[in-house]
Amino acid sequence: MLFRSPLPRLLPALFLLVLLAAMTHDAHAQPPEEFNEDESKVEAYTLPDLLVGPDGEEVTTPEGWRTVARPRWMEILEEQEYGRRPAPVPVTAEKVERGEGPGGTRRIQARLRLGQGPDAPATEVLLYLPPLSLPPDRPGAARFPTFLHLNFGGNHAETADPAVRIPAGWVPNGKETGVTENRALAASRGTLAHRWPIDRLAARGFATATAYYGDVFPDRADGRAESALPSLGYESDRARLAPDEPGAISTWAWQLSRILDWLVTLPEIDPERVIVVGHSRLGKTALWAGAGDERFAMVVSNESGCGGAALERRNFGETVRRITTVFPHWFCPNFAGWAGRAPEMPFDQHVLLAMTAPRPLYVASAAEDLWADPRGEFLAAVAAAPAWELFGKEGLGTADFPAPDAPVGGSIGYHVRSGAHDLLAWDWERFADFAEKALPRGR
Ligand code: GCU
């Protein structure tokens, strides 16, 4: 039987199909990543030993920690994860304003010029001091312990106080703030105030300060060119970065240190009791700021997750691959190279937590926030404890994951709040409880 192939007739159509496929095919396309949020799928892992020096030598004393282990870990974290820490610059307070804030607090706003000359970057700091009506005979009350945190939406979103200044630059769009075109709005005033209980902290004798993180690095993949980094001599072109180029987290940490430079000049602030706090990506930032700047007397990480308090090796929730793909600007370029290679990493996040030792550290999680891996945050705190123990201090005091809403801890505090990813008054009250014990007045 004579067989006539249909091929010649179909050839033009086939050719078109192949052409179309070639045009739409992305050579880098990967199957979508799957995220593990199932505890039974966490495989066994071994964490790098904290108490070793660069040549594998064992570190057994506080002196050894300070001079051998700690500098070695800082070098690794700078080189492999966050990038270099920009150097200090002179800080000048401009446009200082004082007034009355919520609950009888005393408001101070200042624009801090970070560097020389009118074109140097600036950040607006908003600070509330406890009311003068606080018992003046209380020991140490003249100089207040102070919480400092960066915020996501601008200082005006953190409180309904109508006197608070509004950022002029780029701000993220957000459902809560109502921002849709990356411009700050007066209508956002107080929309994130549930994250910052100013009067409750003031009533307990704490001053509390904030600044908008976008003042020094707008939180976008292409934010570098508008960041403070070019003014500090760093590359602005994303395509030409050094493997250890500072990322946004290092820049935000630098902002916190520059704000601290100013806070410690104020007669109302106790320079020995400034506590750095951060939520989520800004929790990662608080940990890195506290690691690099030992003037922070205590560090608080709230639901900081991947690249923050959570152990990478558990492969639970967010991963290095995902975080460095969606937020490539947060870390140094080297960090992306560890995607999918957690067991080979020379560090894990317990190292970052240990950088706070021997100062008090508080790690907070939320039970429903599996993306940030609450148990992985707790286990990192357990694994960091040997650094405190070298100083004769107790770390967490337990290796058992606590029940929701039941804080635990020694020199390291921990809680897992019931509920979702957020920073709530309840969390702040626990930070204050811990600070009252860990940083007593009149030390
Ligand atoms: C994303 C990101 C987290 C980050 C969080 C936040 O969820 O994946 O790593 O902590 O944003 O900052 O709110």
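Q: How many cavities of 30 Å³ or more does a search of the whole structure find?
A: The search finds 2. Keep in mind that this is a predicted model.

Q: How much space lies in the largest cavity?
A: About 70 Å³.

Q: And which residues line the largest cavity?
A: The lining is made of His 149, Leu 150, Asn 151, Phe 152, Glu 158, Arg 195, Gly 278, His 279, Leu 282 and Leu 423. Two elements each give two or more residues to this lining: strand 4 (144-151) and strand 6 (269-279).

Q: Which element gives the largest share?
A: Strand 4, with 3 residues.

Q: What does that lining look like by class?
A: The largest cavity has 4 nonpolar, 4 polar and 2 charged residues in its lining.

Q: OK, the second largest cavity. How much space is there, and what lines it?
A: The second largest cavity holds about 30 Å³. Around that space are Gly 305, Cys 306, Ala 310, Leu 311, Glu 312, Phe 316, Glu 318, Trp 371, Ala 372 and Asp 373. By class, the lining splits into 6 nonpolar, 1 polar and 3 charged residues.

Q: How many residues line the largest pocket, and which lie nearest its centre?
A: There are 27 lining residues, and Phe 152, Arg 195, Ser 280, Arg 281 and His 421 lie nearest the centre. The lining divides into 9 nonpolar, 9 polar and 9 charged residues. Phe 152 and Arg 195 also belong to the lining of the largest cavity.

Q: Which residues surround the ligand itself?
A: Ser 280, Arg 281, Lys 284, Glu 318, Ile 323, Phe 327, Trp 330, Trp 371 and His 421. Sorted by class, this shell has 4 nonpolar, 2 polar and 3 charged residues. Glu 318 and Trp 371 are also among the residues that line the second largest cavity.

Q: Which side chains have a polar atom by an oxygen atom of the ligand, and at what distance?
A: Ser 280 has a polar side-chain atom 2.7 Å from a ligand oxygen atom. For Lys 284, a polar side-chain atom is 2.8 Å from an oxygen atom of the ligand. In Trp 371, an N or O atom of the side chain lies 3.0 Å from a ligand oxygen atom.

Q: How much of the ligand's accessible area does the protein cover?
A: On its own the ligand has 320 Å² of accessible area, and the protein covers 83% of that.

Q: What about phi: which residue other than glycine has a positive value?
A: Lys 95 does, with phi near 50°. Lys 95 is part of strand 1 (residues 91-100).

Q: Why list those two features?
A: Because most residues other than glycine have a negative phi, and most peptide bonds are trans.

Definitions and conventions: Residues are numbered from 1 along each chain as its sequence is written. This is a predicted model: local features need pLDDT of at least 70, side-chain atom pairs count only at pLDDT 80 or more; totals for chains, interfaces and linings use all residues. Side-chain values use heavy atoms; hydrogens and water are left out. A residue is near a molecule or strand if one of its heavy atoms lies within 4 Å of it. A polar contact is a pair of N or O atoms within 3.5 Å; within protein, one must be able to donate a hydrogen and the other to accept it, and residues adjacent in sequence count only if both atoms are side-chain atoms. Accessible areas come from the Shrake-Rupley method with a 1.4 Å probe; for residues, only the protein chains shown count as cover. Ala, Val, Leu, Ile, Met, Phe, Trp, Tyr, Cys and Pro count as nonpolar, Asp, Glu, Lys and Arg as charged, and the others, Gly among them, as polar. On a 1 Å grid over the protein atoms alone, a cavity is a set of points where a 1.4 Å probe fits but cannot get out, and a pocket is an open set with protein on both sides within 12 Å along at least five of seven lines; lining residues have an atom within 4 Å of a point. Grid points are joined across faces, edges and corners, and a volume is the space filled by probe spheres set on the points. Helices (H or I, at least four residues) and strands (E, at least two) are DSSP runs, numbered from the N terminus.
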